[in-house]
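Please keep the sequence and the three-dimensional view at hand while reading.

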Amino acid sequence: MADKSRSVTKRKERKEKESAEVVKEVRNEGDKDGGEVSSEAATSNGENGELQVEPMELPPFEIIAGDRIDPFVFKFQFKNVEYSSGRNKTFLCYLVDRGDMADGLLRGYLEDEHTGPHVEEAFFTQCIPHYDPALKYTVTWYVSSSPCSACAAKIAEVLKVRKNIKLSVFAARLFEWEESEIQDGLKMLHAAGCKLRVMKPLDFSYTWETFVENEEQPLNLWEDCKDNYEFYQEKLADILQ
Ligand SMILES: [Zn+2]
């Protein structure tokens, strides 16, 4: 059994790499229109004409924070397919209501890769760095996939200590939901008072309108969006029952 699952994992990784390249190409196409030069391209070209030595190790991946997600990236990363090949990073769209009228809502998104710090943890340090116990925080996340077990434990810990944070998490997909560790993490989150949901078709449309550079175009939901939602919804209900 162990060997079998290992080979499945390897195959998954290979698929992820292949699809990740596809995404890069799509992004580059998009960049032409946007006129933005990615920092990646700038470094590999060696802008000063100096001899560029290919680095042996990639620098640690940093969390990307932004206002609105590229529409191509959103459609790929948030698609609620059953197997998430190529989606080796997590996107977290957030809304924070601190209950003080003056500041209004905080809105934005974070993006990570599974090789670096995860968005769930980064959210608490980057988006609410100065926690004020006198305020009431209503936090809503729309994430491309549900948290890994380590993040689930960290979030549960935060929610236990910071009682004034009410967190709702809407996930497009359940990350490795067959693993018992993952299931334990989701149960822990649930027990800590986090509201966990799978994104419905309407939630995808809402996220598109609120967090994507949508150019006022509606989101055309993919064919199996509702079926996939029902699939994941059933799995989540089984885990949390
Ligand atoms: Zn994680």
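Among contacts in the chain between residues at least 6 apart in sequence, what percentage join residues at least 24 apart? The share is 81%, where two residues are in contact if their C-beta atoms, placed from the backbone, lie within 7 Å. The model is a predicted one, in which local features need pLDDT of at least 70 and side-chain atom pairs count only at pLDDT 80 or more, while totals for chains, interfaces and linings use all residues. Residues are numbered from 1 along each chain as its sequence is written.

**Overall make-up**

The chain has 8 helices and 6 strands, which follow one another from the N terminus in the order α-α-β-α-β-β-α-β-α-β-α-β-α-α. These elements are DSSP runs numbered from the N terminus, helices being H or I over at least four residues and strands being E over at least two. The chain has 241 residues, and 26% of them count as buried; a residue is buried if 20 or more other C-beta atoms lie within 10 Å of its own, exposed if 12 or fewer, and partly exposed in between, with C-beta atoms placed from the backbone.

**The sheet**

The 6 strands form an open sheet with mixed pairing, in the order β1-β3-β2-β4-β5-β6. At its edges stand β1 (64–66) and β6 (195–198), each with a single partner strand, so one side of each has no neighbour in the sheet. On average, neighbouring strands of this sheet are turned by 20° against each other, direction ignored, the axes being lines fitted to C-alpha atoms, for helices over the stretch in contact, with angles from 0 to 180 degrees between N-to-C directions.

Strands of a sheet pair through backbone hydrogen bonds, either parallel or antiparallel.

| Strands | Sense | Bridges |
|---|---|---|
| β2 and β3 | antiparallel | 7 bridges |
| β2 and β4 | antiparallel | 6 bridges |
| β4 and β5 | parallel | 8 bridges |

C93 has Y142 in β4 as its bridge partner, and L95 has T140 in β4, whereas D97 stands opposite T138 in β4 and has L105 in β3 as its bridge partner.

The largest nonpolar core has 42 residues, of which L92, C93, Y109, W141, V169, A171 and M199 touch the most other members. Such a core is a set of buried Ala, Val, Leu, Ile, Met, Phe, Trp, Tyr and Cys residues joined through C-beta atoms within 7 Å. Strand β5 (residues 165–173) gives the largest share of this core, 6 residues. Residues up to four places away in sequence aside, W141 touches L92, C93, Y94, V169 and F170.

Helix α4 (residues 119–126) lies across β1, β2 and β3, and runs at about 140° to β3. Its residues V119, E120, A122 and F123 are buried. They cover an arc of only 160° around the axis, which puts them on the same side of α4, the arc being that of the directions from the helix axis to the C-beta atoms. The buried residues of α4 are covered by elements including β2, β3 (105–111) and α5.

**Loop residues**

R68 lies in the loop between β1 and α3 (71–77), and counts as partly exposed because 15 C-beta neighbours are inside 10 Å. Its C-alpha atom is separated by 4.6 Å from that of V212, although R68 and V212 are 144 residues apart along the chain. Leaving aside neighbours within four places in sequence, R68 is in contact with F211, V212 and E213.

E176 lies between β5 and α6 (180–191), and is partly exposed because 17 C-beta neighbours are inside 10 Å. E215 is found between α7 (201–211) and α8 (225–240), and counts as exposed because 6 other C-beta atoms are within 10 Å.

How values were computed
Two strands pair if DSSP finds at least two bridges between them.
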